[in-house]
Amino acid sequence: MANKAIIAGSSGLIGSKLLDILLQQPFYDEVLILVRKELPTKHPKLKQLVVDFDHLEAYSSQLTGHALFCCLGTTKAKTPDQATYRKIDHDYPVWLGQLAQQNGVNQFHLVSSIGANASSSVFYIKTKGQTEADLQQLGFPALHIYRPSMLMGKRTDRRPTEKIAVVLFNVIDPLLFGSLKKYRSIPAQTVAMAMYKQSIKTDTGSFIYESDKIKQLS
């Protein structure tokens, strides 16, 4: 049986790594990416669907397959308005989940964040936690939630503060032991590989992987 994967957020740091992996591995026969504008990537297995994320219902019929990978996300610098930020980090992923679940997609894989907590007073952390909680209510046969810490990898956009953080984590990482290991930085490639490997398994249920666990999965 042919296996189809869907990726939302394929131009981001983790999403781009995941796209490369899915195109290279034989498990998936088709990879559909949901994009605002087409990417220059070309591959026989790749299909690109240009979408308006504010009207996802218009593309519902194409949201079918084995697994949907949601790597959507933004930053405070890019999206200072909290309503718009929440729409990208919460509304779009949950809406995609609803449509995919209705179409019989077996797996949903979400890139969340370390510390995600729906009860937090911190807007970013609270939004991530609420997204996780709302997706858990949908009843997917398999829901996989990944909570990476500081991501390492080359981005297409410039983030000066992250460059400073990379230097700091190179010093701090060896000092984080035991329960603090989950706060060590993690390569985006490692997260993407863990997502792929979990997607080819037949485990059912709702799973949350902290950053240190993600490294073990990859």
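Predicted model: local features only at pLDDT ≥ 70, side-chain atom pairs only at ≥ 80, totals over all residues.
Colleague: How many bridges join β1 to β2?
Modeller: Five, and the two strands run parallel. Strands count as paired if DSSP finds at least two bridges between them. Helices (H or I, at least four residues) and strands (E, at least two) are DSSP runs, numbered from the N terminus.

Colleague: What does β2 do with β3?
Modeller: Those two run parallel as well, joined by five bridges, with β3 at residues 46–50. Leu34 stands opposite Leu49 in β3.

Colleague: And is β2 mostly covered or mostly open?
Modeller: Mostly covered: five of its six residues are buried. Buried is under 20% relative accessible area, exposed is over 50%, and partly exposed is in between (1.4 Å probe, protein chains only).

Colleague: OK, on to β5. How many of its residues are buried?
Modeller: Five of the five, so the strand is largely enclosed by the rest of the structure. Gln107, His109 and Val111 point one way, while Phe108 and Leu110 point the other way.

Colleague: What's around His109?
Modeller: Leaving aside neighbours within four places in sequence, His109 is in contact (heavy atoms within 4.5 Å) with Ala67, Leu68, Phe69, Cys70, His144, Tyr146, Met195, Gln198 and Ser199. Its relative accessible area is 0%. Phe69 also stands opposite His109 in the strand pairing.

Colleague: How do β4 and β5 pair?
Modeller: In the parallel sense, over four bridges. The chain crosses from β4 through α2 to β5, and that crossover is right-handed. On to β6 (residues 142–147), β5 pairs in the parallel sense over five bridges, and β5, α3 and β6 make a right-handed β-α-β unit.

Colleague: You mentioned α2. Where is its kink centred?
Modeller: On Ile88, with a kink of about 35 degrees. The bend at a residue is the angle between axes fitted to the seven residues ending there and the seven starting there. Even so, α2 (residues 82–102) reaches 29 Å from its first C-alpha to its last, close to the 30 Å expected. That expected span is 1.5 Å times one less than the number of residues.

Colleague: What do the buried residues of α2 pack against?
Modeller: β1, β2, β4, β5 and α3. Among those buried residues are Tyr85, Ile88 and Leu96. Just after the helix, Gly104 takes a positive phi of about 80 degrees.

Colleague: How many residues of α5 are buried?
Modeller: Nine of its 12, so to speak mostly covered. Met195, Gln198 and Ser199 are among them.

Colleague: Last one, the whole chain. What's the radius of gyration?
Modeller: It's 17 Å, which agrees with the value near 17 Å for a compact globule of 218 residues. That's taken over C-alpha atoms, and the globule rule is 2.2 Å times the number of residues to the power 0.38. Buried residues make up 48% of the chain.

Note on methods. Residues numbered from 1 in each chain as written. Heavy atoms only, no water. Right-handed = clockwise from strand over helix to strand, strands pointing away.
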